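The sequence and the coordinates are shown below.

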Amino acid sequence: MNKLYEKQILSVLVEGGPNTLQRFIDAGLYDEIRVIQSKNMRLNEGISAPQINILATTTEETAEDIISYYRRATS
């Protein structure tokens, strides 16, 4: 993260596995999280999604998906 800052890179899209994503969430290294859930597909097994311990600020629906937006509180 320091190297990105030094290079004045201010925006990064993190699309990793659950462990990578959870580390960014736990460290508070995000401004916005988007969770896209299918309305039609349910998995009974698999890898658990990262835990987001804040409420979604906005939710929208498309024909097939529900998109929830989470924004980190800034001070």
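Over how many bridges do S2 and S3 pair, and in which sense, parallel or antiparallel? In this predicted model, S2 and S3 pair in the antiparallel sense over 4 bridges, and the two strands form a hairpin with 3 residues between them. On the other pairing, S1 and S3, the latter spanning residues 65-71, are joined in the antiparallel sense over 7 bridges. The two pairings are set side by side here.

| Strand pair | Sense | Bridges |
|---|---|---|
| S1 and S3 | antiparallel | 7 bridges |
| S2 and S3 | antiparallel | 4 bridges |

Together, 3 strands form an open antiparallel sheet whose order is S1-S3-S2. Its edge strands are S1, residues 32-38, and S2, residues 58-61, each of which pairs on one side only. With direction ignored, neighbouring strands of this sheet are turned by 15° against each other on average. Isoleucine 67 in S3 takes part in both pairings, for it stands opposite isoleucine 36 and is also the bridge partner of glutamate 60.

Serine 68 likewise belongs to strand S3. Is this serine buried or exposed? Serine 68 counts as buried because its relative accessibility is 8%, which is under the 20% cut-off. When residues up to four places away in sequence are not counted, serine 68 touches Ile33, Arg34, Val35, Ala56, Thr58 and Thr59.

Although glutamine 8 is not a glycine, its phi is positive, at about 60°. Most residues other than glycine have a negative phi. Glutamine 8 is exposed, since its relative accessible area is 66%, and the cut-off for that class is over 50%.

The largest pocket holds about 1,600 Å³ of space. Its lining is made up of 40 residues, and those that lie nearest the centre of the pocket are Val14, Leu21, Ile25, Ile33 and Arg34. The elements that give two or more residues to this lining are H1, H2, S1 and S3, with the largest share, 7 residues, coming from S1. Divided by class, the lining of the largest pocket has 24 nonpolar, 9 polar and 7 charged residues. Two of the residues nearest the pocket centre, Ile33 and Arg34, are also among the residues that serine 68 touches.

Key
Residues numbered from 1 in each chain as written. Predicted model: local features only at pLDDT ≥ 70, side-chain atom pairs only at ≥ 80, totals over all residues. Heavy atoms only, no water. Buried < 20%, exposed > 50% of the residue type's maximum accessible area, 1.4 Å probe, protein only. Pairing = 2+ DSSP bridges. Axes fitted to C-alpha atoms, helices over the stretch in contact; angles between N-to-C directions. Contact = heavy atoms within 4.5 Å. 1 Å grid on protein atoms, 1.4 Å probe; cavity = no way out; pocket = protein on both sides within 12 Å on 5 of 7 lines; lining within 4 Å. Points joined across faces, edges and corners; volume = space filled by probe spheres on them. Nonpolar A, V, L, I, M, F, W, Y, C, P; charged D, E, K, R; others polar.
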